[in-house]
Each structure stands twice: as C-alpha cells, then as structure tokens.
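Work through the exercises below with the model open in a viewer. Each task is followed by a solution in steps.

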Amino acid sequence: DIEAAYTAKRFLSVITLSNAWLASNAPNLEVLRIRYRTYFIIAKYAEALKEIEKIRSIWQLSSDVACEWYVIATYAKHTTLADSYKITCNKK
C-alpha cells in the first residue's frame, strides 16, 4: 500500500500509511527510503534528513543513500551535514 501510494504520487497517504506500518513494525530500508523521498518531494527537508538518520541507525547507509542525503542537506542549507555525507557519496 505504501509503495502504491508513492507510485500514485499520493504523498500524504504515504506518510499516513508508513506511520501506521512503523507503529507495529521495525523500520527497514525500503519504508524509510520511501519516507525520506516523500518528505523531500513535499519540501519537508528536516523530516527527510531525520528519516535518513534512521537508515544510518539501522546500519543501512549506502553510498546511494548518502548521495541523496547530501542533496537533501544542500536543499535544507545544512552545509556541514552536506559536506560530511559528500565524502561517503563520493565512495561510489
């Protein structure tokens, strides 16, 4: 349902559905990735960055996610954070 809502660009539904899912399930990369991308699309950069931090906390931070984190941090004007993830991003 979460992925279908994302594909259909029903972004508020994505957040609602994923909130419900996360209330009874452990976070995983797939759900958190959809959440941070959704928050980015709706220009909620701080929330997007928090979701990526959750990915890092479950040890799933890949260079691809780090590159997206770099972009989001840049949009959020978090220069220090952006610079710190630029290094991981460049390890592709």
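Axes are lines fitted to C-alpha atoms, for helices over the stretch in contact, and angles between N-to-C directions run from 0 to 180 degrees. Helices are DSSP runs of H or I with at least four residues, strands are runs of E with at least two, and both are numbered from the N terminus. This is a predicted model, in which local features need pLDDT of at least 70 and side-chain atom pairs count only at pLDDT 80 or more, while totals for chains, interfaces and linings use all residues. Residues are numbered from 1 along each chain as its sequence is written, and side-chain values use heavy atoms, with hydrogens and water left out.

**Exercise 1. The pair α3 and α4**

Task: Find how the axes of α3 and α4 are arranged, and name the residues that meet.

Solution. 
Step 1. The two axes come within 7 Å, and they cross at roughly 165 degrees.
Step 2. Angles under 35 degrees count as roughly parallel, over 145 as roughly antiparallel, 65 to 115 as roughly perpendicular, and the rest as oblique. α3 and α4 are therefore roughly antiparallel.
Step 3. The crossing of α3 past α4 is left-handed, meaning that the near helix is turned anticlockwise from the far one by less than a right angle (clockwise would be right-handed).
Step 4. Contact means heavy atoms within 4.5 Å. On the α3 side the residues are Leu 29, Leu 32, Arg 33, Arg 35, Tyr 36, Tyr 39 and Phe 40; on the α4 side they are Tyr 45, Glu 47, Ala 48, Glu 51, Ile 52, Lys 54 and Ile 55.
Step 5. By class, this contact of α3 with α4 holds nine nonpolar, no polar and five charged residues. Here Ala, Val, Leu, Ile, Met, Phe, Trp, Tyr, Cys and Pro count as nonpolar, Asp, Glu, Lys and Arg as charged, and the others, Gly among them, as polar.

**Exercise 2. The pair α3 and α5**

Solution. 
Step 1. α3 passes α5 in a left-handed crossing.
Step 2. From α3, Leu 29, Arg 33, Tyr 36, Arg 37 and Phe 40 meet Val 65, Glu 68, Val 71, Ile 72 and Tyr 75 from α5. The contact of α3 with α5 divides into seven nonpolar, no polar and three charged residues.

**Exercise 3. The nonpolar cores**

Task: Which residues of the largest nonpolar core touch the most other members, and which element gives the most to this core?

Solution. 
Step 1. A nonpolar core is a set of buried Ala, Val, Leu, Ile, Met, Phe, Trp, Tyr and Cys residues joined through side-chain atoms within 4.5 Å. Buried means under 20% relative accessible area, exposed over 50%, and partly exposed in between (1.4 Å probe, protein chains only).
Step 2. The largest core has 15 residues, of which Tyr 36, Ile 52 and Ile 72 touch the most other members.
Step 3. Two or more residues each come from α3, α4 (45–57), α5 and α6. α5 gives the most, with five residues.
Step 4. Apart from this core lies another, of five residues, among them Ala 5, Val 14, Val 31 and Ile 34.

**Exercise 4. Thr 38 and Phe 11**

Task: Is Thr 38 buried or exposed, and what does Thr 38 touch?

Solution. 
Step 1. Thr 38 lies in helix α3 and is buried, because its relative accessible area is 0%.
Step 2. Leaving out residues up to four places away in sequence, Thr 38 touches Tyr 6, Phe 11, Val 14 and Ile 15.
Step 3. Phe 11 belongs to helix α2 (residues 11–24) and is also buried, at 16%. Beyond its neighbours within four places in sequence, Phe 11 is in contact with Tyr 6, Thr 38, Ile 41 and Ile 42.

**Exercise 5. Positive phi**

Task: What is phi of Lys 9, and where does Lys 9 lie?

Solution. 
Step 1. Most residues other than glycine have a negative phi.
Step 2. Phi of Lys 9 is near 60 degrees, a positive value. Lys 9 sits in the loop between α1 (2–7) and α2 and is exposed, with a relative accessible area of 62%.
Step 3. Lys 77 has a positive phi of about 60 degrees as well. Lys 77 lies in the loop between α5 and α6 (79–89) and counts as exposed at 71% relative accessibility.
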